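Here are my notes on the model you sent over. Have it open while you read.

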Amino acid sequence: MGRWLEHSVTTEVNAPVDRVWAVWSDLEAMPKWMRWIESVKTLDDPELTDWTLAAQGFRFHWKARITQRVEAQQLHWESVGGLPTKGAVRFYVEQPERTAVKLTVTYELPGVLAPLMEPSILGGIVTKELQANLDRFRDLVEREQASGG
């Protein structure tokens, strides 16, 4: 049994919550803005997705099940096989055209990485990467919002 690490990052998006939710809900498009995610495929069960992460020469694969979905408010998931992970994304209406997004990701440090990385160092790298991903998500939504897309 490995050690579980948790990271939370937030960003503010200049777009209405319905638009922010719609972009996030397109899980298969995540590799556009989530750098370490190589692919996301929705399976026959729409609540089940197949994920591949590639980073720093390592590749991890898992399936994730959506455990809670509240339209335009929150989405929770957990892995079912492969890399042990769970998380949630929450959307908060700040103003009619402004939405705060909070992403929390929890995962079990893979045994292969445990001897190679101090969890606090890995945690800093992962938090920084998640924040950069969330900022790319914000930029994507705002660009689409500005172009009327």
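1. Strands S5 (residues 74-82) and S6 (residues 85-95) run antiparallel to each other, paired over five bridges; strands count as paired if DSSP finds at least two bridges between them. Across that pairing, Trp77 sits opposite Gly87 in S6. Strands (E, at least two residues) and helices (H or I, at least four) are DSSP runs, numbered from the N terminus.

2. Bear in mind that this is a predicted model: local features need pLDDT of at least 70, side-chain atom pairs count only at pLDDT 80 or more, and totals for chains, interfaces and linings use all residues. Residues are numbered from 1 along each chain as its sequence is written, and side-chain values use heavy atoms, with hydrogens and water left out.

3. The open sheet has seven strands, ordered S1-S7-S6-S5-S4-S3-S2, with antiparallel pairing. S1 (4-13) and S2 (37-42) are the edge strands, each with a single partner, so one side of each has no neighbour in the sheet.

4. Where does Ala146 belong? It is in helix H2 (residues 119-146). Ala146 counts as exposed at 71% relative accessibility (exposed means over 50%, buried under 20%, partly exposed in between; 1.4 Å probe, protein chains only).
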